[in-house]
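User: I would like a close look at one part of this model, the surroundings of the ligand. Please keep the account plain.

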Amino acid sequence: MLENVLVIGKNGQLAIEIKHCYQNKYNFIFKGKEEIDLQDEENLHKIINENNIKIIINCAAYTAVDLAESEIEKADILNYKCVEILAKLAKQYELKFVHISTDYVFDGKTNTPYNENDETNPLGIYGKTKLKGEQAIMEVTPKNTIIIRTSWLYSSYGKNFVKTMQNLGRQRKELRVVFDQIGSPTYARDLAETILNILPVIQNEKPEIYHYSNEGVASWYDFTKEIMKISQIDCNVKPIESKDFPTLASRPSYSVLNKQKIKEKFHIEIPYWKDSLEKCISILQKGDIL
Ligand SMILES: NC(=O)c1ccc[n+]([C@@H]2O[C@H](COP(=O)([O-])OP(=O)(O)OC[C@H]3O[C@@H](n4cnc5c(N)ncnc54)[C@H](OP(=O)(O)O)[C@@H]3O)[C@@H](O)[C@H]2O)c1
């Protein structure tokens, strides 16, 4: 009998990519916020029992980085309190649990890629609440649990930087984009495939944190230039400093993740960000989206 996997946050870009990639090794049950209330523990017990859930992949999150500065409570509930509830359920039912976190748990005041055990110091509410979610999992200590920190996620599905920039580039002759925030774009499909590949071999006594992004680094400016180039959009992209593009939330100026741990542990190869971006844009151009 195939094991049942509950994927939470079914309308988000990562969950949709999981839906696109999954093979028949597991039986996947996708739930969105209309079908699952993550604060309703009784209902969560019911869902786990009725569906004989053995694995939870939590793709749900409050991801609006700037809005989180004014919607602190909402971000805290979804990114921390609900994660704590899921961790407790994972422990009680001895489930495998995969949770996703972010490079924004770091302050970016370095210039070498972050390791999993490097000091965290989030600059904004989004990062702070995501870090509290991580810490809750570590305190509850469910077995067979991993936290994957990723960065700059995009996909052909949902709302994301690639699609926003394509739209803006088609409407405007010129775009100004920050060149002093450095990170690694990550194609959600690559992350989804990795999660599905490593799922059978996740086994640990205490929760483990892993970093995953595409290979290579870029600034948002470089990322945008490449989006325009691959999409053949004729738009003049100009580099600007973050101080000239104020946002409600501060963002780390350097949030490159070191992925050595996940590569060594699970023997995986990670695609270079430009190669993955080409794949995603080719899917967008074919209109081959759900
Ligand atoms: N996006 C990035 O650049 C980025 C970078 C680093 C890490 N991450 C992390 O990666 C993970 C996946 O991100 P993503 O970009 O795929 O996110 P996303 O596209 O913003 O999707 C998040 C999902 O959470 C769902 N959700 C919101 N409130 C909910 C609730 N109360 N109950 C259940 N579901 C709820 C949303 O549902 P609706 O669509 O119905 O609102 C949405 O489907 C998240 O943990 C995020 O923090 C993302």
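Which helices and strands each supply at least two residues of the shell around the ligand?

Analyst: In this predicted model, the elements that each supply at least two residues of the shell are α1 (13–21), β4 (96–102) and α4 (125–140). The largest share comes from β4, with three residues.

In total, 21 residues surround the ligand, and the closest are Gly12, Lys33, Thr63, Tyr126 and Lys130. By residue class, the shell divides into ten nonpolar, nine polar and two charged residues.

Gly12 places a backbone N or O atom 2.7 Å from an oxygen atom of the ligand. Tyr126 uses its side chain, with a polar atom 2.7 Å from a ligand oxygen. For Lys130, a polar side-chain atom lies 2.8 Å from an oxygen atom of the ligand. On its own the ligand has 900 Å² of accessible area, and the protein covers 79% of this.

Leaving aside residues up to four places away in sequence, Phe223 touches Trp152, Tyr154, Phe161, Val162, Pro185, Ala218, Trp273 and Leu277.

Key
Residues numbered from 1 in each chain as written. Predicted model: local features only at pLDDT ≥ 70, side-chain atom pairs only at ≥ 80, totals over all residues. Heavy atoms only, no water. Near = heavy atom within 4 Å. Polar contact = N/O pair within 3.5 Å; in protein donor to acceptor, adjacent residues only side chain to side chain. Areas by Shrake-Rupley, 256 points an atom, 1.4 Å probe, with all protein chains shown as cover. Helix = DSSP H or I, 4+ residues; strand = E, 2+ residues; numbered from the N terminus. Nonpolar A, V, L, I, M, F, W, Y, C, P; charged D, E, K, R; others polar. Contact = heavy atoms within 4.5 Å.
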